Amino acid sequence: MKKVALFIPCFVDQLAPEAGLDVARVLRRIGYDSEFPEAQTCCGQPAFNTGYWQDAKPLAERFVRIFRKAEAVVCPSGSCTTMVRNFYPELLAGTALCEEARLLGQRVFEFSEFLVNVAQVTDVGAVFPNRVAIHDSCHGLRELHLKQEPRELLRHVRGLELVDLPFSEDCCGFGGTFAVKFNMISAAMGDTKAGNAEASGAEFLTSTDPSCLLHIDGVLRRRKSKVRTIYLASILAQTEEPARTRQPGNSR
Amino acid sequence: MTTPASEFLRNAAEKSADLVHRQIIRRAIDHYNQAVERRRARFLDWEEARRQCQDIKREAVNHLDRYLLEFEQRVRERGGQVFWAETSEDARQYITDLAVRRGVRTIVKSKSMVTEEIHLTPALEKLGMRVYETDLGEFIVQLRNEPPYHIVTPAMHLTRVQIASLFKEKLGDVNSDDPQYLVGVARRELRRAFFSAEMGITGANFLVADPGMIAITTNEGNARLCTALPRIHVAVAGIEKIISRLDDLALLWPVLATSGTGQPITCYNTLIGGPRKPGEVDGPEEFHVVLLDNGRSELLADAEQREVLHCIRCGACLNACPVFRTVGGHTYGTTYQGPIGGVLTPHLRGLDEFQHLSYASSLCGACTDVCPVKIDLHHHLLHNRRNAVSAAKRPWVERAAFKLWRWSMLNSGRYALLGWFGRKAMRMVHAVKIEGTPLDPLRPWTKYHALPRVPSNSFRAMWRKNRGAS
């Protein structure tokens with residue numbers, strides 16, 4: 001079996017562990033063994049995006065040291081992948097680790113990107129007989145240029161009906177600390193997204209980023225909406241085996 | 001105490017909850033998007049057009065000193081006046097002095113954001129002069145005593161029903177909300193102003209160095225009347241409006257029209273190089289160009305953000321911005337709204353009071369995608385944030401919190417403990433049923449969101465227990 005390292009973002013680790021486990025499950029099914037370097041914590045994005053580059057820097061350096069040996073790193077978040085690939089070189093500019101960070105960034109892949117562009121697998125043998133819409137998460141879409149990858153994967157899922165989400169490329173309003181500092185704006189944007197999800201006729205809304213889904217899910221449930229969110233890997237992890245119908249992280 | 005930041009938060013809260021407003025803006029921008037998409041498709045290669053516009057502006061801005069002097073010389077040769085205004089006050093003073101000296105009583109203005117930036121109209125009105133905005137949208141917001149809602153579409157937030165009742169209230173004898181009819185009402189009103197005005201004030205979309213001319217673009221032809229009928233024409237422009245050659249307009253005009261309004265080319269494109277010459281039948285007796293710096297030189301000196309000066313004020317980033325669409329143009333409380341406002345305003349009016357605009361973005365990048373001169377807008381918002389932190393302009397609580405956060409994240413044991421505590425707190429809030437109430441310490445989140453379903457274990461704990469888990 002080929003090996004990959006898992007980069008599990010802090011919020012996935014703490015709030016959506018099933019999303020991470022489902023990534024490992026799907027990877028194993030297509031012939032990749034995952035290892036999880038336990039020293040990892042957070043990539044530093046919250047500090048970086050809030051302007052605290054000096055506080056984000058040691059975390060970036062730490063990340064590079066932890067993952068420097070990995071041949072390929074898979075991450076269940078377009079946003080955290082962006083942090084490493086697109087922003088580490090700028091953040092670490094002028095430091096000893098800058099070049100190494102840049103090279104590492106080329107080996108860090110968002111999950112759907114890894115499956116379709118690196119492993120070159122689009123059919124992972126999943127079964128999910130539901131109507132699903134895709135929200136194009138901003139970092140995946142605009143920083144990593146991922147648009148077709150998740151769609152390719154979902155098109156090969158048995159029983160899945162892919163429906164169009166109106167304004168699928170509009171931001172859901174999460175934006176990290178933005179969602180707390182400007183929660184009224186963030187929530188209104190989330191509400192617009194939720195309304196579009198409902199109008200799409202989808203039963204499930206999925207995305208390449210569990211962080212967007214965490215936000216949208218909170219808004220949907222506050223609206224008492226019927227639409228549920230599910231991370232991409234959690235759809236792909238479902239097979240015909242009966243034990244596979246859980247939702248990510250449904251225990252309190 | 002009210003500050004620009006507290007005002008922003010207050011107005012943002014109000015507008016975010018205003019579904020009617022959101023719907024009006026959505027409809028206007030949908031209409032715009034369809035038009036823009038059609039027009040972009042007519043370009044052989046839109047991306048290449050953007051790259052060339054970026055090159056044109058970069059070249060011009062990098063040689064600003066040379067091109068501005070060239071522009072000035074040519075304008076002077078034709079008998080025009082050029083005034084270099086370092087600050088808003090300088091610009092205002094020059095224009096008000098001129099108006100007073102020439103005994104001006106009535107002024108017609110065509111749409112210009114830079115005159116908003118220098119607060120020109122109130123200064124002229126204070127001297128007892130009548131100032132008429134002659135762009136239809138600007139005319140409407142002026143009647144409402146409001147600043148423009150949007151740099152290109154000043155009355156985007158109003159429906160024609162609202163405009164009809166506004167006209168009825170202010171102009172009398174209005175009995176239809178048919179757009180054509182309403183335009184007729186405004187035209188009748190403005191015609192009188194055009195013929196009585198002694199001074200016309202315009203902006204400039206471009207300052208073309210090589211021929212020494214200003215280029216003005218409008219859809220209503222009002223700028224032509226402003227520059228042809230009154231005795232005096234004053235054009236005000238930021239120094240970054242310079243481009244080197246007339247040929248550049250062959251690309252910039254259609255690109256501006258496409259990004260601004262989804263038109264192949266704007267209806268009226270005028271080039272003006274000086275006052276009326278002997279033997280000419282029309283044109284003003286005096287032609288003045290006010291070149292405004294107002295912080296732009298400092299931006300020019302900032303290698304990282306210099307490209308912000310490439311902006312051609314098309315407004316595309318506002319239309320693309322989901323925050324703008326949610327809070328609306330007036331919430332910003334600035335001349336330039338949306339992403340370009342968030343990037344530019346801290347440079348023009350100080351990081352101290354306007355840094356919040358750089359934070360009021362989810363950094364989604366939709367603005368950068370549509371910018372016709374490829375300004376990396378959302379990354380500049382990030383740079384402004386970094387600058388705010390390094391200039392120690394952030395609240396101490398936030399600074400301390402990030403220090404603590406960093407200390408926690410630098411060790412996986414401390415991190416795991418923090419995570420455990422966080423999940424515990426979320427479960428507790430849920431269990432004691434204070435979720436979303438004022439007692440809830442997580443209220444910034446739970447005010448608008450249901451709490452996430454909190455797992456009892458973290459990924460790392462589950463991984464350790466059951467390696468590979470499949």
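User: Hi! Which residue stands opposite B:Val108 in β4(B)?

Analyst: Hello! B:Val108 faces B:Gly200 there. Keep in mind that this is a predicted model.

User: Thanks. In what sense do β2(B) and β4(B) pair, and over how many bridges?

Analyst: They pair in the parallel sense, over 3 bridges. Strand β4 of chain B covers residues 199-202.

User: And what about β2 and β3 of chain B, how many bridges join those?

Analyst: There are 4 bridges between strand β2 (residues 106-109) and strand β3 (residues 130-133) of chain B, and the two run parallel. One pairing to look at is B:Lys109, whose bridge partner in β3(B) is B:Glu133.

User: Switching to helices. At what angle do α11 and α12 of chain A cross?

Analyst: Roughly 75°. Helix α11 (residues 183-200) and helix α12 (residues 210-222) of chain A have axes that come within 9 Å. The crossing angle falls between 65 and 115 degrees, so α11(A) counts as roughly perpendicular to α12(A).

User: Which residues make that contact?

Analyst: From α11(A) you have A:Ala187, A:Gly190, A:Asp191, A:Lys193 and A:Ala194. From α12(A) come A:His215, A:Ile216, A:Val219 and A:Leu220. By class, the contact has 5 nonpolar, 2 polar and 2 charged residues.

User: Nice. Now the two chains: how many residues are in contact?

Analyst: On chain A it is 55 residues, in contact with 54 residues of chain B.

User: Which element of chain A gives the most to that side?

Analyst: That would be α12(A), with 7 residues. Other elements supply at least two residues each, including α2 (17-29), α4 (53-67) and α11 of chain A.

User: And how does the side of chain A that touches chain B divide by class?

Analyst: Into 27 nonpolar, 14 polar and 14 charged residues.

User: Last topic, domains. Where are they in chain A?

Analyst: The domain assignment gives domain 1 as 2-118 and domain 2 as 131-236. Their C-alpha centres lie 22 Å apart.

User: How many residues does each domain put into the contact?

Analyst: Domain 1 of chain A puts in 27 residues and domain 2 of chain A puts in 22. On the domain 1 side, α7(A) gives the most, with 6 residues. Among the elements giving two or more residues to that side are also α1, α3 and α5 (78-91) of chain A.

User: What classes are the residues on that domain 1 side?

Analyst: They divide into 12 nonpolar, 11 polar and 4 charged.

How values were computed. Residues are numbered from 1 along each chain as its sequence is written. Chains are lettered from A and ligands numbered from 1 in the order in which they are written. This is a predicted model: local features need pLDDT of at least 70, side-chain atom pairs count only at pLDDT 80 or more; totals for chains, interfaces and linings use all residues. Axes are lines fitted to C-alpha atoms, for helices over the stretch in contact, and angles run from 0 to 180 degrees between N-to-C directions. Angles under 35 degrees count as roughly parallel, over 145 as roughly antiparallel, 65 to 115 as roughly perpendicular and the rest as oblique. Two residues are in contact if their C-beta atoms, placed from the backbone, lie within 7 Å. Ala, Val, Leu, Ile, Met, Phe, Trp, Tyr, Cys and Pro count as nonpolar, Asp, Glu, Lys and Arg as charged, and the others, Gly among them, as polar. Two strands pair if DSSP finds at least two bridges between them. Domain bounds come from an automatic or database domain assignment.
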